[in-house]
Amino acid sequence: MNLNEQQVEAIFHINGPLLILAGAGSGKTRVLTERIANLISRENVAPYNILAVTFTNKAAKEMKERISKRIGEEDTKNIWMGTFHSICSRMLRTDMVLLGRKSNFVIYDNADQTKIINDCIKQANLDKETYQANKIINIISKSKSSGYTAEDYLKKHLSYSDQKIGELFMMYDETLKKNNALDFDDMLFYVVKILKENPDRLS
Ligand SMILES: Nc1ncnc2c1ncn2[C@@H]1O[C@H](COP(=O)(O)OP(=O)(O)OP(=O)(O)O)[C@@H](O)[C@H]1O
Ligand SMILES: [Mg+2]
């Protein structure tokens, strides 16, 4: 096993945070997979108590494959490993009920969002040149990623057109709720909400 001194130090670090900054192809993923393998096989950490988040599906797949080779498929399956969205979706399948919503939700992509917002614009009798679907979706997305609801938006943006956008935001969310659907931003938003309101779900 080829590992340099710094890699070894990082792999056997146990308590407290650790930040690794290293260039492309320098062995970061190697450190992470070895570290996870060490926690499970030597430190007796239960695989389901490990959370490993990646940005892309490709990175998640690579991590899973590498760890699986190292500690076997069974333990690897029990690690909470995936992209932000896949981990959030997995959590929400059990915890959405804490928000009074069903766990069998569907996930809406950009095409679904566009359809819904266009319906809302029509229903509100607004001009679709002034209120462009993609722009409204962007505003909704940005708000949700900052932790703001439609109500927050309406309180903070008081101009006529912003109030109309806030109303569209509200209609959009109501439609999603009625359709038992979440958009990608909802997934992160609801997980944050659940964890804030139910700190026991963190353990
Ligand atoms: N200390 C080492 N000595 C020799 N080879 C190593 C060492 N550490 C890692 N490698 C190998 O180098 C290659 C790149 O490692 P790894 O994928 O972990 O890097 P990375 O920093 O995650 O890369 P990326 O930036 O592409 O994500 C792999 O084939 C890995 O096995
Ligand atoms: Mg890597």
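In this predicted model, the shell around ligand 1 is made up, by class, of eight polar, three charged and two nonpolar residues. In total 13 residues surround the ligand, and the closest of them are Gln-7, Lys-28, Thr-29, Arg-30 and Arg-66. Among the secondary-structure elements, helix α2, which spans residues 28-41, gives the most to this shell, contributing three residues.

The side chain of Gln-7 places an N or O atom 2.8 Å from a nitrogen atom of ligand 1, while Arg-66 has a side-chain N or O atom 2.5 Å from an oxygen atom of the ligand. Arg-30, by contrast, is placed through its backbone, where an N or O atom lies 2.8 Å from an oxygen atom of ligand 1. Taken alone, ligand 1 exposes 630 Å², and the protein buries 58% of that area.

Elsewhere in the chain, a pair of helices deserves attention. Two packed helices are described by the angle between their axes and by the distance between those axes. For helix α7 (residues 133-145) and helix α9 (residues 160-178), the axes come within 10 Å and cross at roughly 75°; because angles of 65 to 115 degrees count as roughly perpendicular, α7 and α9 are described as roughly perpendicular to each other. On the α7 side the contact is made by Ile-136, Ile-139, Ile-140, Ser-143 and Lys-144, and on the α9 side by Ile-165, Leu-168, Phe-169, Tyr-172 and Asp-173. Divided by class, the residues of this contact between α7 and α9 are seven nonpolar, one polar and two charged.

Definitions and conventions: Residues numbered from 1 in each chain as written. Chains lettered and ligands numbered in written order. Predicted model: local features only at pLDDT ≥ 70, side-chain atom pairs only at ≥ 80, totals over all residues. Heavy atoms only, no water. Axes fitted to C-alpha atoms, helices over the stretch in contact; angles between N-to-C directions. Helix = DSSP H or I, 4+ residues; strand = E, 2+ residues; numbered from the N terminus. Parallel < 35°, antiparallel > 145°, perpendicular 65-115°, else oblique. Contact = heavy atoms within 4.5 Å. Nonpolar A, V, L, I, M, F, W, Y, C, P; charged D, E, K, R; others polar. Near = heavy atom within 4 Å. Polar contact = N/O pair within 3.5 Å; in protein donor to acceptor, adjacent residues only side chain to side chain. Areas by Shrake-Rupley, 256 points an atom, 1.4 Å probe, with all protein chains shown as cover.
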